[in-house]
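Here are some notes to read alongside the model. They go point by point.

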Amino acid sequence: MDLSLMVGEEYKLNIRAAGMIIHNNKILLHRNKQDEHYCIIGGRIEIGEDSKTTVEREMEEEIGKKVEVKDFLATIENFFTDSDGIKFHEFMFIYEAEFIDAEDKKIEYTLKNLEGQDYLQYEWIDIDKIDEINLQPKILKEIIKEGKYPTHKIYVDKK
């Protein structure tokens with residue numbers, strides 16, 4: 001069971017973990033082909049599961065790759081409203097991650113989702129061009145560019 005629950009009628013509490021994989025000055029991000037925004041790979045923490053294990057599980061489920069979860073990088077408290085009008089209060093734990101397999105470390109092509117979600121793809125984006133894309137939550141750009149870890153950021157989307 002995911003750590004995601006409605007609190008009252010307006011708010012949803014969401015607890016997530018994500019892994020930041022960087023190779024050759026490129027970061028691996030995913031996006032829905034129908035959307036214009038990107039995110040780092042991760043997912044909801046399951047009840048009884050720690051955040052590092054979540055990153056390992058999500059990477060293997062989504063792209064079929066085993067990762068080593070390394071240093072803790074950031075916590076983001078993210079407040080936003082989704083397209084259905086639900087207000088989210090989200091906590092996201094972000095870790096540095098690295099492919100375990102030596103051959104996987106050479107990958108620089110677009111990866112596909114292995115869970116049958118063909119609308120998702122995983123792309124390597126040049127960090128020097130990070131300002132040219134819509135990365136969500138937006139505070140992630142600041143975290144990546146600052147490169148000061150660990151950090152804690154609060155982001156309120158004022159749409």
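1. Leaving out residues up to four places away in sequence, I40 touches A18, G19, I27, L29, H30, M92, I94 and L140 (contact means heavy atoms within 4.5 Å). This is a predicted model, in which local features need pLDDT of at least 70 and side-chain atom pairs count only at pLDDT 80 or more, while totals for chains, interfaces and linings use all residues. Residues are numbered from 1 along each chain as its sequence is written, and side-chain values use heavy atoms, with hydrogens and water left out.

2. I40 also belongs to the largest nonpolar core, which has 21 residues; I27, L29, I40, I94 and L135 touch the most other members. Such a core is a set of buried Ala, Val, Leu, Ile, Met, Phe, Trp, Tyr and Cys residues joined through side-chain atoms within 4.5 Å. Two or more residues each come from strand 2 (11–20), strand 4 (26–32), strand 5 (37–44), strand 6 (67–81), strand 7 (87–99) and helix 2 (139–146). Helices (H or I, at least four residues) and strands (E, at least two) are DSSP runs, numbered from the N terminus. Helix 2 gives the most to this core, four residues. A second, separate core has 18 residues, among them A17, V67, A97 and L120.

3. The largest pocket holds about 1100 Å³ of space. On a 1 Å grid over the protein atoms alone, a pocket is an open set of points where a 1.4 Å probe fits, with protein on both sides within 12 Å along at least five of seven lines; lining residues have an atom within 4 Å of a point. The volume is the space filled by probe spheres set on the points, which are joined across faces, edges and corners.

4. Of the 37 residues that line the largest pocket, R16, H30, H37, C39 and F80 lie nearest its centre. Strand 5 supplies the largest share of this lining, six residues.

5. H23 sits in strand 3 (residues 22–23). Is H23 buried or exposed? H23 is buried, at a relative accessible area of 10% (buried means under 20%, exposed over 50%, partly exposed in between, with a 1.4 Å probe and protein chains only). Beyond four places in sequence, H23 is in contact with E98, F99, K105 and W124.

6. K112, in strand 8 (residues 111–112), counts as exposed at 67% relative accessibility. Apart from neighbours within four places in sequence, K112 is in contact with E62, I63 and Y122.
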